[in-house]
Amino acid sequence: MTSYILKRLGAMLVTLWLIVTLTFFLMHSVPGSPFNEERTTNEAIQKNLEAYFHLDEPLYVQYGIYMKSLVTFDFGPSIKRSSDSVNAMLERGFPISFELGFITLVTAIVSGLFLGIIAALRHNGFVDYLAMTIAVLGISIPNFVLATLLIQQLAVTYEIFPAATWQSPMHMVLPTLALATGPMAIIARLTRASMLEVLTQDYIRTAKAKGLSPVKIVFKHALRNAMLPVVTVLGTLAASILTGTFVIEKIFAIPGMGRYFVESISNRDYPVIMGTTVFYSAILIIMLFLVDIAYGLLDPRIKLHKKEGR
Amino acid sequence: MELRKKQNSLITPDIPDEWFTPRAKDIEQAEKVTRPSLSYWKDAWYRLLKNKLAILGLFFLLFVVFMAIFGPLISQHGLDQKLQDQNLPPSTTYWFGTDGLGRDVFTRTWYGARVSLFVGVAAALIDFIVGVTYGGFSGYKGGKIDNFMMRIIEVLYGLPHLLVVILLMVVMGPGLATIIVALSVTGWIGMARIVRGQVLQIKNYEFVLASKTFGTKTGRIIRKNLLPNTMGPIIVQMTLTVPAAIFAEAFLSFLGLGIQPPFTSWGMMADEGLSSILTGYWWRLFFPAFFISVTMFAFNVLGDGLQDALDPKMRR
């Protein structure tokens, strides 16, 4: 197990380094500088600005400075919002984005598992068809379309929930719903398929023969094995939820990290682009890592400490 | 002969042996095929036909493709702005209404369909070419080369897909070609993994070994022996790539990072129509959103149907 974790950790660090380096060189290959538009700036000020942001140094020096800033977790000042630093933006935006993402992930997992299980237990029955119709619709409708539909219906027409911003639990309902439906649908379909397979296996019949209650059979014996395919996709689902927050935050005017990210791209605000990208990537890569470990812990058939086992 | 007689009398003691006369041999009868032989693809097609939802999806997609080609020709309006006709609801002159600049939503919907479908199909094709080559080679070679190539994939798989796409859009400048390139940079990985898994399995089958013994070249074995047998999962993966690419394009355009005016796509139209929640011009949002959703739905049910139809385990 330890050697497996170390191996995954190594792969994780390589990926992280790759994305960091990729981001750096991509950003510096973009034609044009953030100061281009202000033609009225005189040359001395321009020089000073470039010196301040180290833009006049050779590329490898800049790369060194950049790597150092990453290690010390200090992404420097923003170029466009001169009084603001990237760190301050992350501190302001991240808790909100994290809250949105976390609530969404939990909602998606719980409701997805629930739908998948009842669909599998009522295979080819009415409940099954209903659950799977919801699931296919959830996969097909993009989250921004769903978000606008929800606002239109539940906020504007019926005024049940507030339409925008992020303050009370009532404000969180619509964004979470819009963002969670897609991942929920994927989880529901996967759970149903693997539950159906697991439920026909002999050990389930044995459990039934022993006279265990259906609840115990489903939750203790079937679900643990049926969960495995769901765990494997959690990493990618987290990624899609994370990028989904960009859109959801835009629609619901939520002051999270996504807004800074999208804004920084159209502004060519390099420190902010690099800071947010690296931050997002780090979160995602850590998520994938945790998912891998969780998978190993959940599945007794995978012997991580043995090479032949994989 | 004696034994036979004895057996016959045992089974039917009352019937004399003379009653048993051998039937005249009829070569034609013996060789006749009573049921038409079904090739793998024909069989899969019949099974797909039984899946009504998948066929419905197929018909809808054919309809969208048809309208993407001929829709702008049918329409009575071009892409031009008619400022006197702003935000008109759907009517007999403007079938899907007009937008804030007086442009016909019907015409724009089908121009948008061209872009969305083109992005989806192009991304799927590039994924197909790169993924099949990489996965096929890796799986066929096996051993150290396979191990090394899979380590690369493992690292690439960790890259956040849409973030990379967005970064590339920044560098290359927004546009149709950029979107397709950006989507393909990481998109082929899933395909490569599937093909590799299949090839690893099939390459040890007897017919491949036989082919090798005859001295067939590697490229030919991959093309003629391995790939046709992995076609099922590949096709399923492609039908699921197309909606993913369409969604990614819509997502980027919605954030303002995708395709740029005067071109349009469903995602961009949805972005422009977003304000209509408050103004009540519902048709500006409804039509692009409706066609994105139903197209994704159609691809998904078709992909599901194909998955069942092409699964050799389901064959009877």
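Is the crossing of helix 10 of chain B and helix 11 of chain B left-handed or right-handed? I found it right-handed; the term means that the near helix is turned clockwise from the far one by less than a right angle, anticlockwise being left-handed.

I worked on a predicted model, where local features need pLDDT of at least 70, side-chain atom pairs count only at pLDDT 80 or more, and totals for chains, interfaces and linings use all residues. Residues are numbered from 1 along each chain as its sequence is written, chains are lettered from A and ligands numbered from 1 in the order in which they are written, and side-chain values use heavy atoms, with hydrogens and water left out.

**Helix pair.** I took helices as DSSP runs (H or I, at least four residues), numbered from the N terminus. Helix 10 (residues 218–254) of chain B packs against helix 11 (residues 266–273) of chain B at about 35 degrees, the axes being 7 Å apart. The axes are lines fitted to C-alpha atoms over the stretch in contact, and angles run from 0 to 180 degrees between N-to-C directions. For contact (heavy atoms within 4.5 Å), I listed Ala250(B), Ser253(B) and Phe254(B) from helix 10 of chain B, and Gly267(B), Met268(B), Ala270(B) and Asp271(B) from helix 11 of chain B. By class I noted 4 nonpolar, 2 polar and 1 charged residues. Nonpolar covers Ala, Val, Leu, Ile, Met, Phe, Trp, Tyr, Cys and Pro; charged covers Asp, Glu, Lys and Arg; the others, Gly among them, are polar.

**Interface.** Chain B and chain A bury about 3,500 Å², 79% of it on carbon and sulfur atoms; this is the accessible area (1.4 Å probe) lost on putting the two parts together, summed over both. I recorded 36 residues from chain B and 45 residues from chain A in the contact.

**Salt bridges.** I used the rule of a Lys or Arg side-chain nitrogen within 4 Å of a carboxyl oxygen of Asp or Glu. The whole structure has 3 salt bridges over all chains, and the interface of chain B and chain A has 1. Arg189(A) pairs with Asp304(B) in a salt bridge, the closest N and O atoms 3.0 Å apart. I also looked up the salt bridge of Asp128(A) and Arg192(A), at 2.8 Å from N to O. Asp128(A) lies in helix 5 (residues 126–140) of chain A and Arg192(A) in helix 7 (residues 169–199) of chain A, 64 residues apart.

Definitions and conventions. Helices (H or I, at least four residues) and strands (E, at least two) are DSSP runs, numbered from the N terminus.
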